[in-house]
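I opened this entry to keep track of what I looked up in the model. The notes follow the order in which I checked things.

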Amino acid sequence: MKALVTEVTGNFSQRLEPFGIKVKELTGDSHLSRQQISEASLIVTTPEKWDIITRKSGERADFIDLVKLIIIDEIHLLHDSRGPVLESIIARTIRRVE
C-alpha cells in the first residue's frame with residue numbers, strides 16, 4: 001500500500017502542479033507537520049494511517065474538519081485482511097459528516 005501511495009502521489013503531483021495544487025504523501029513511514037498539512041491541497045494516505053488520524057480526533061479535529069472529499073481506492077479489499085480498517089474509516093467518516 002505504501003508503494004501505491006507513493007506512485008499515486010507522484011502521478012497526482014505531476015498532473016496537478018500546473019494548477020498550483022500541492023500533493024503530499026502520508027503513510028506510516030512519513031510524517032507531515034501542521035504547516036505541511038495546511039499547505040497541501042491533496043493528501044494521499046494509506047487506510048491504516050487515516051484510521052489512526054481519525055481515531056485521535058482530539059488533537060487533529062481541526063485537520064479532519066478541513067477534509068472536503070475522500071476517495072477510497074482498492075475497495076475490493078473489504079473482503080481481505082484490510083477490510084475491517086476500511087470499514088471502520090468509512091463508518092467513522094459517515095458518522096462525522098452526519
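Which backbone oxygen lies 3.4 Å from a polar atom of the side chain of Ser30? I found that this oxygen belongs to Glu25. I note here that the model is a predicted one.

**Entry 1: Ser30**

I placed Ser30 in the loop between E1 and H2. Its side chain also reaches the backbone nitrogen of Thr27, at 2.8 Å. I then listed the contacts of Ser30, leaving aside neighbours within four places in sequence, and got Glu25 and Lys49.

**Entry 2: salt bridges**

I counted salt bridges next, and the count came to three.

I took the pair Lys2 and Asp29 to begin with; their side chains meet in a salt bridge at 3.3 Å, N to O. This pair links distant parts of the chain, with Lys2 in helix H1 (residues 2–16) and Asp29 in the loop between strand E1 (23–26) and helix H2 (34–39), 27 residues apart. I checked accessibility at both ends. Lys2 has a relative accessible area of 40%, so I logged Lys2 as partly exposed. Asp29 has 64% and is therefore exposed, the cut-off being over 50%.

I went on to Arg55, which forms a salt bridge with Asp51, the closest N and O atoms being 2.4 Å apart. Both residues lie in helix H3, four residues apart, which is about one turn of the helix.

The remaining pair I noted is Arg92 and Asp51, whose side chains meet in a salt bridge at 2.9 Å, N to O. Arg92 lies in helix H5 and Asp51 in helix H3, so this pair ties together parts that are 41 residues apart in sequence. I wrote down Asp51, Arg55 and Arg92 as linked in a network of salt bridges.

**Entry 3: Arg92**

I looked at Arg92 by itself. Why does Arg92 count as buried? Its relative accessible area is 18%, and buried means under 20%, so Arg92 falls on the buried side of the cut-off. Asp51 is buried too. Not counting residues up to four places away in sequence, Arg92 touches Asp51, Thr54 and Arg55.

**Entry 4: helix H5**

I checked the length of helix H5 (residues 83–97). At 1.5 Å a residue, its 15 residues should span 21 Å.

I then asked which residues of H5 are buried. They are Gly83, Val85, Leu86, Ile89 and Arg92. The buried residues of H5 pack against helix H3 (47–55).

**Entry 5: nonpolar core**

How many residues does the largest nonpolar core have? I found ten: Leu26, Leu32, Ile37, Trp50, Ile53, Phe63, Ile64, Leu77, Leu86 and Ile89. The elements that give two or more residues to this core are H3, helix H4 (57–65) and H5.

Terms used:
Residues are numbered from 1 along each chain as its sequence is written. This is a predicted model: local features need pLDDT of at least 70, side-chain atom pairs count only at pLDDT 80 or more; totals for chains, interfaces and linings use all residues. Side-chain values use heavy atoms; hydrogens and water are left out. The expected span of a helix is 1.5 Å times one less than its number of residues. Buried means under 20% relative accessible area, exposed over 50%, partly exposed in between (1.4 Å probe, protein chains only). Contact means heavy atoms within 4.5 Å. A salt bridge is a side-chain nitrogen of Lys or Arg within 4 Å of a carboxyl oxygen of Asp or Glu. A nonpolar core is a set of buried Ala, Val, Leu, Ile, Met, Phe, Trp, Tyr and Cys residues joined through side-chain atoms within 4.5 Å. A polar contact is a pair of N or O atoms within 3.5 Å; within protein, one must be able to donate a hydrogen and the other to accept it, and residues adjacent in sequence count only if both atoms are side-chain atoms.
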